[in-house]
Amino acid sequence: MESNITVDTKGMACPMPIVKAKKALDTLESGQVMQVISTDKGSLNDFQAWVKQTKHELVKHEEDNGVYTFYVKKI
């Protein structure tokens with residue numbers, strides 16, 4: 001999936017993946033997609049709750065060997 005920006009938060013623990021994602025998302029325009037890569041085991045729950053709270057869209061998420069990739073569309 002294509003994204004407009006990639007945020008690599010591997011090795012960071014909560015809440016840093018969300019903090020970095022929010023800063024990056026603020027630079028995007030409505031309709032653009034951000035890719036976030038994380039190794040934080042709690043990031044799936046964190047991102048699901050965050051997009052629900054902020055009204056953005058979690059388009060897709062993947063997990064491969066402990067690496068989580070999220071695609072968030074700015075609304």
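How many bridges join strand 2 (residues 33–38) and strand 4, and in which sense do the two strands pair? Here are a few friendly notes to go with the picture.

1. This is a predicted model, where local features need pLDDT of at least 70, side-chain atom pairs count only at pLDDT 80 or more, and totals for chains, interfaces and linings use all residues. Residues are numbered from 1 along each chain as its sequence is written, and side-chain values use heavy atoms, with hydrogens and water left out.

2. Strand 2 and strand 4 pair in the antiparallel sense over 6 bridges. Two strands pair if DSSP finds at least two bridges between them. Strands (E, at least two residues) and helices (H or I, at least four) are DSSP runs, numbered from the N terminus. Methionine 34 has valine 72 in strand 4 as its bridge partner.

3. Strand 4 also pairs with strand 3 (residues 57–64), antiparallel over 7 bridges. These two strands form a hairpin with 2 residues between them, and asparagine 65 in the turn has a positive phi of about 55°.

4. Now look for the 2 aromatic pairs in the whole structure. Rings of Phe, Tyr and Trp (its six-membered ring) pair if their centres lie within 6.5 Å; planes under 30 degrees apart count as stacked, over 60 as edge-to-face and the rest as tilted. Phenylalanine 47 and tryptophan 50 have ring centres 5.9 Å apart and planes at 90°, so they are edge-to-face. Phenylalanine 47 and phenylalanine 70 are stacked, at 4.4 Å centre to centre with 20° between the planes.

5. Phenylalanine 47 and tryptophan 50 are both buried (under 20% relative accessible area; exposed is over 50%, partly exposed in between; 1.4 Å probe, protein chains only).
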